[in-house]
Amino acid sequence: MRPADDVSKHFRLIPAQLSALRRLGIVTIEDLMRHFPARYDVAGTSTNVKALVPGTKVTLYGKLSGLKAKKLWKSKRNATEGFFEDASGRVKVMWFNQPYMASYVSEGNVVKVTGTVGGKADRPYITNPEVEIVSKEVAISAETGLFTDPDAKDAPAPTIYAVYPETAGVTSLWFRHAIERLFKAGIEKLLIDPVPADVRKRYNLPDLAEALVYIHAPEKAAHAEAARKRFAFEEIFAIQAARAQERAENDSQSSFPIGDATEHASTFLESVPFPATGAQERAITDILADFTKPHPMARLLEGDVGSGKTLVAAAAAYAVVTSRPPNRNSGTLQVAYMAPTEILAGQHFQSFIEYFKDLPINIGLMTGSGCKKFPSKVSKGGATDISRAQLLKWIANGEIAMLIGTHALIQKSVTFQHLALAIVDEQHRFGTRQRRALAHKGDTAPHFLSMTATPIPRTLALTMYGDLDISLLDELPPGRAKITTKIIKPKERGQAYAAVRAELVKGRQAYVICPRINEPDPAKINAMQARSAKAEAKRLQEEVFPEYDVGLLHGAMTPKERDAVMKDFSDNKVQILVATSVVEVGINVPNATAIIIEGAERFGLAQLHQLRGRIMRSSHPPYCFLLPESAGEMSGKRLKTLEKSDDGFKLAESDLEARGAGDLFGRRQWGMSDLGMEALKNVKLIRAARDEAERVIREDPELLDNAALRERAFKAGAELHNE
Ligand code: ADP
Ligand code: MG
């Protein structure tokens, strides 16, 4: 057996297992070795039927018998009843609204049952336990009632069991057995450690072989912990190495020199009817300083919704388009500005026209549905529709100094004459690869400015944007009306509707955010009783706001349908927009001043803050109503911080603290494992991994001396590019 071998070469796999493994990204023996447990079961917390204590959570191994589905006559609810038994005795179990339970397990299956004991000590029962079919070969120890591995008859029973992430098709037990075989074959000793020995020593991290044993088969909790820390470090270290390489690549390229940038930026700022905020000035200064360096700028501008990122972008853009290309006495350098949606591209186009209307600059708009140019010969102060072919020609010959658009901008057919600055709005919506595509149009690499309103904790920013310098807009322009955020009890939703109606009467608009698209599956009693966007839109239209037009926006719609609805909302043809969290990024409708967020406790604070940001765009006082479904203590406290604070970065930090990064952002969004996401709570680890990665790349930019790290860094880079 070798690490690079295909798993199917050494394990007899049925098709369902094979496809389950593929789904988990497991192809080779090494992949299998690196498939880590999600958690550990400590045998001591398992118990047997004889020892049940009401009110405690227990895990039992045994069999189910006498399962019968029936209907409760009073509540008309479906119920399944039966018994669970192990060597020590039996206990009544029941499930409500899970009629499939009886057909899911057949009698004789060995199952693991997890649930909370109810009833009295002499007559306990367990309601709605989770059931996992363990395996036919598993034996139940008559003595302890605990599950034991029949293959390990003589060995002392381990006290900690690895539990692998649940997947249909492969059980946790399968993984335990399979990985045991890998250890027997000594695979862990054949793998090369990507973390250099000196680094491991400095941070007291176990080496790869040891850590693999510790993580899969720990003898005590401290082993598992040490191993998890090591693998978290390794993951962050590999990502940082990839970032450091990208940064080094950036810094090895040359960019267009931008003459008199500071002077031109000041000219522009003086033409704007309001003074820049201190934070905007600092960001502009950062950018202007980057323009004096020989290599392209690589900067992230991070600022809450409404903090005025567009002005910063416009100042930078202005400085660029007022510069001549080198060795030329006509023409200007060019700017490309890419937005994630057509609506946003259109809005930026309008903002730029507004900022530059008195300045002699040609601005183009290119989206999938058409092209425009400003200024227009026919409509004074406005833009004209032009053909794509015409626009392409003007971009290529340099007549269009600024091009704003969507993904349409990075198509092969678009070639700039002198692209000197690329601006990307909400960059995490674009992959790094798309960023590159934009950057590599033309011979000289353009300066790159990425902008985001996603408030993310510092550790995540350092990791994900490790290749970018960061400017923070941590100050809102003056004169913004302060937002009122209120938590509304489910029974008092009428209050929220009354307040929304008061806004609508004044001619304003409102959002209603729902946590899911469709009605929840009624078969799952534990499924969250979320109000679905579709049903809610219908209800609000018919029963609550019949005199207004209610629109619907959700992620399952095509981009075209979405754009159409957003346009209706933006044109005030629709007054109430019911949406899932897809509105999080990107809509800018200053006339919307109220937002109702259903199931508020299901969102992260940072996400709620971003949703709330949708109505912080005008001088009218905005109102945000949070409607939690349950009055859980934790979520109550969490939501209260939102009532008090309107600092997105602080909220992101406290959310990270309270819930962990995985819950905060959606597990897959950043292409990191749960282990890596968890590590984001550990500032010291992130800094250490970053420092070490930068040092390693400085000494060996191509990682010629560390093939294992080179491969992992490459993978980390590639995964991030798949955003
Ligand atoms: P962001 O893109 O960061 O969410 P915008 O750039 O769209 O924010 O700016 C939000 C609003 O604030 C715009 O209407 C803009 O004209 C205004 N604005 C920007 N900077 C200032 C400032 N320094 N003073 C007053 N208003 C400003
Ligand atoms: Mg913006």
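Predicted model: local features only at pLDDT ≥ 70, side-chain atom pairs only at ≥ 80, totals over all residues.
Colleague: How much of the accessible area of ligand 1 does the protein cover?

Modeller: On its own, ligand 1 has 560 Å² of accessible area, and the protein covers 76% of this.

Colleague: Which residues around ligand 1 come nearest?

Modeller: There are 16 residues around the ligand, and the nearest are Gln280, Gly306, Lys309, Thr310 and Arg480. A polar backbone atom of Gly306 is 2.7 Å from an oxygen atom of ligand 1. For Thr310, an N or O atom in the side chain is 2.7 Å from an oxygen atom of the ligand.

Colleague: And what is the shell like by class?

Modeller: The shell around ligand 1 consists of six nonpolar, six polar and four charged residues.

Colleague: Turning to the sheet, in what order do the six strands stand?

Modeller: The order is β20-β25-β24-β21-β23-β22, in an open sheet with parallel pairing.

Colleague: Why is one side of β20 and of β22 left without a neighbour?

Modeller: β20 (484-487) and β22 (550-553) are at the edges and have a single partner strand each, so one side of each has no neighbour in the sheet.

Colleague: How many bridges join β21 and β24?

Modeller: Strand β21 (residues 509-513) pairs with β24 (residues 592-598) over five bridges, in the parallel sense. Ile513 has Ile597 in β24 as its bridge partner.

Colleague: Which strands does helix α16 lie across?

Modeller: Helix α16 (residues 493-505) lies across β20, β21, β23, β24 and β25, and runs at about 160° to β24. Helix α18 (residues 559-570) also packs on the sheet, where it touches β21, β22, β23 and β24.

Key:
Residues numbered from 1 in each chain as written. Chains lettered and ligands numbered in written order. Heavy atoms only, no water. Near = heavy atom within 4 Å. Polar contact = N/O pair within 3.5 Å; in protein donor to acceptor, adjacent residues only side chain to side chain. Areas by Shrake-Rupley, 256 points an atom, 1.4 Å probe, with all protein chains shown as cover. Nonpolar A, V, L, I, M, F, W, Y, C, P; charged D, E, K, R; others polar. Pairing = 2+ DSSP bridges. Helix = DSSP H or I, 4+ residues; strand = E, 2+ residues; numbered from the N terminus. Contact = heavy atoms within 4.5 Å. Axes fitted to C-alpha atoms, helices over the stretch in contact; angles between N-to-C directions.
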